[in-house]
Amino acid sequence: MILFWTIYAFIIGLCVGSFLNVVVLRGFTGESIVLSPSHCTKCNHKLAWYDNIPVLSFLLLRGKCRYCNEKISPQYPLVELFTGLIFAGIYYKYSGGLFNWNTLFLWAAASLCIVMTVTDIKEKVIFDIHAYILAVLGLIYNFFNINGENSTKIGIWILGHKITVYQSFIYSILGLIAGFAVLFIITKTAKLITKKDCFGEGDAYILGALGAFFGIVNAIVILLLSIFIWGGLAIPVFIYKWFRAKEYKLLASIILFLIAALLFWAGEMLNIFTSDLFRWFTYLLVAALGLNCCRLLIASVKNGNSATMIPYGPALIFGAFAVVFLL
Ligand SMILES: [Zn+2]
């Protein structure tokens, strides 16, 4: 029976994904999301219902418009399929057999996250409104303690009145503030040092909204996960870029730093450092190599040799999906 409902959730996800594509598209064109009927973006021909079936229509039409043969972006079926899988996964993990508020809120949060990911990858911007809605949704979700995991209540004093709220609501507010503040400060500092936009301001809005939804503890986990996710994707790209830009000095110093750090770590593991003086000397050496990397990196960003922007928002959101499914 749970399998039947999970498939049902998958189909709902496919349809919602189809709608999310429209939200992304019309976010850029400013067209009404609900009022104007679906049409081809090239020839404007109105689409029949059988041209609008998630994934299936794309396959049947072999990725081309029925009327003008214009290629349809694979973004459409991919977003539909991804939304379907996420919806099915959330239902399977959290619902316990029946549709409930928890599933609905998580579906709504996932939908907003998917829209922000696609807009960020496509146009390298985030619409603040999507983050605001997610933040408000998160505050409501935690005010009523909808996931029901921790029902501890805490009394707080506001203007001489004592009110009791769920602990999760406090964590939600702290997550909102801390999530926004951390990335806002990093963004401003990076800009101050390199005089270039290294991160978008949208990333601070995303982490703030995720913090409001998942609480401050999970916001920290999401931030740490996102560094690994982003690093895994961005470092190979940057190494390639530096290689092309003939920044051998930077490449060599990074490799040197990584080797030194690895040796230091191995030394700690194998208990090689018998004297504290030796340990501190090695530690300072690694730190100096690291600082040298930072110096060259900042110079490289200033010269515009590392100008590739790899959006950070999607890394944060995939971190959040990891928290939803793995914790
Ligand atoms: Zn067309």
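I count two residues as in contact if their C-beta atoms, placed from the backbone, lie within 7 Å. With that rule I looked up A209, which touches A131, L134, A135 and G138, leaving out residues up to four places away in sequence.

A note on the source: this is a predicted model, where local features need pLDDT of at least 70, side-chain atom pairs count only at pLDDT 80 or more, and totals for chains, interfaces and linings use all residues. Residues are numbered from 1 along each chain as its sequence is written.

Next I turned to Y94. I found Y94 in helix α3, residues 75-94 (helices are DSSP runs of H or I, at least four residues, numbered from the N terminus).

Then I followed α3 to its partner α4. Residues of α3, including F82, I86 and Y94, meet residues of α4, among them L106, W107 and I114. By class, this contact has twelve nonpolar, four polar and no charged residues (Ala, Val, Leu, Ile, Met, Phe, Trp, Tyr, Cys and Pro are nonpolar, Asp, Glu, Lys and Arg charged, and the others, Gly among them, polar).

Methods: Helices (H or I, at least four residues) and strands (E, at least two) are DSSP runs, numbered from the N terminus.
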